[in-house]
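Visitor: I'm new to this one. Could you walk me through it, feature by feature?

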Amino acid sequence: VFFTLKSSYELPEIFFQHCQLEYIPTHKHLGLHVAIDLKLANHITFIVNKGHKKLGLLKKLKFSLGKNTLSKMYTVFIRPLLEYAAVVWDGCSQSEMERLEKVQLCAAHIVTGLPIIASKKSLYFETGWQPLSDRRKLSKLTIMHKIHNSCVPKYLSEIILNTRGNDSASAYR
């Protein structure tokens, strides 16, 4: 993959052992789909589609399992999918964030049995869940707290400190 933010570009020819390498538009690395333009639409689409597939099983079980069991199944099998590497991809567009939230709201409808016209507020109240955007914000704050208090590997704190400049770096040590 050749990463660029330019709208027009010319890809250089790259050879490995006398064979020209072929470019691909996206690459999956550690479970994160990254596109040539560094946009995350493909990754979000992958997550949403996989989430909906897993919700299908939850729907099949909603009449044979209780609310607590269904809620636990969501939090163990589906929500981690919606949050994996969110610290990295949380800069996605508002519409992509809403697509992710719809997966959780669909799960909330299944778990609670509330009608489709139920408000988000009532769904979150009934389940005790937080919006995914709030959970991502908390996760980012937790990581920054750990970096500030040297509770992460040195290479991670160095990335943050080096991007902030030398003057502010001393304030974090």
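Guide: Happy to. Let's begin with a term: a salt bridge is a side-chain nitrogen of Lys or Arg within 4 Å of a carboxyl oxygen of Asp or Glu. Keep in mind that this is a predicted model.

Visitor: How many salt bridges does that rule give here?

Guide: The count comes to five. Take Glu126 and Lys67 as a case: their closest N and O atoms are 3.5 Å apart, and the two form a salt bridge. Glu126 sits in helix H5 while Lys67 belongs to helix H2 (residues 67–83), so this pair ties together parts that are 59 residues apart in sequence.

Visitor: Which residue forms a salt bridge with Asp90?

Guide: Lys140 does, and the closest N and O atoms of that pair are 2.6 Å apart. Asp90 lies in the loop between helix H3 (86–89) and H4, and Lys140 lies in helix H6 (residues 132–148), so the bridge ties together parts that are 50 residues apart in sequence. For the next bit you need one cut-off: buried means under 20% relative accessible area. Asp90, with 13%, is therefore buried, whereas Lys140 counts as partly exposed at 32%.

Visitor: What about a salt bridge inside one helix?

Guide: Look at Lys154 and Glu158, whose side chains meet in a salt bridge at 3.9 Å, N to O. They are four residues apart in helix H7 (residues 154–164), so about one helical turn separates them. Lys154 counts as exposed, at 61% relative accessibility, and Glu158 as partly exposed, at 34%.

Visitor: What else is in the loop between H3 and H4?

Guide: Cys92 lies there. At 7% relative accessibility, Cys92 counts as buried. From C-alpha to C-alpha, Cys92 is 14 Å in space from Phe46, and the two are 46 residues apart in sequence.

Visitor: Now the helices. At what angle do H4 and H5 pack?

Guide: About 60°, with the axes of helix H4 (residues 94–112) and helix H5 (residues 120–127) 10 Å apart. That angle makes H4 oblique to H5. As for handedness, the crossing of H4 and H5 is left-handed.

Visitor: Which residues form a nonpolar patch on the surface?

Guide: Val1, Phe3, Leu5, Ile24 and Leu38, and together they have about 470 Å² of accessible area. Ile24 is in the loop between strand E2 (19–20) and strand E3 (26–29), and at 39% relative accessibility it counts as partly exposed. Leu38 is in another stretch, the loop between strand E4 (32–35) and helix H1 (41–61). Leu38 counts as partly exposed as well, at 43% relative accessibility.

Visitor: And the backbone: what is the phi of Leu38?

Guide: Leu38 has a positive phi of about 65°, although it is not a glycine. His18 is another non-glycine residue with a positive phi, of about 70°. You'll find His18 in the loop between strand E1 (15–16) and E2, where its relative accessible area of 80% makes it exposed.

Technical notes. Residues are numbered from 1 along each chain as its sequence is written. Side-chain values use heavy atoms; hydrogens and water are left out. Patches are made of residues with over 30% relative accessible area and no salt bridge: like charges are joined within 9 Å, nonpolar side chains (Val, Leu, Ile, Met, Phe, Trp, Tyr) within 5 Å. Accessible areas come from the Shrake-Rupley method with a 1.4 Å probe; for residues, only the protein chains shown count as cover. Helices (H or I, at least four residues) and strands (E, at least two) are DSSP runs, numbered from the N terminus. Buried means under 20% relative accessible area, exposed over 50%, partly exposed in between (1.4 Å probe, protein chains only). Axes are lines fitted to C-alpha atoms, for helices over the stretch in contact, and angles run from 0 to 180 degrees between N-to-C directions. Angles under 35 degrees count as roughly parallel, over 145 as roughly antiparallel, 65 to 115 as roughly perpendicular and the rest as oblique. A crossing is left-handed if the near helix is turned anticlockwise from the far one by less than a right angle, and right-handed if clockwise.
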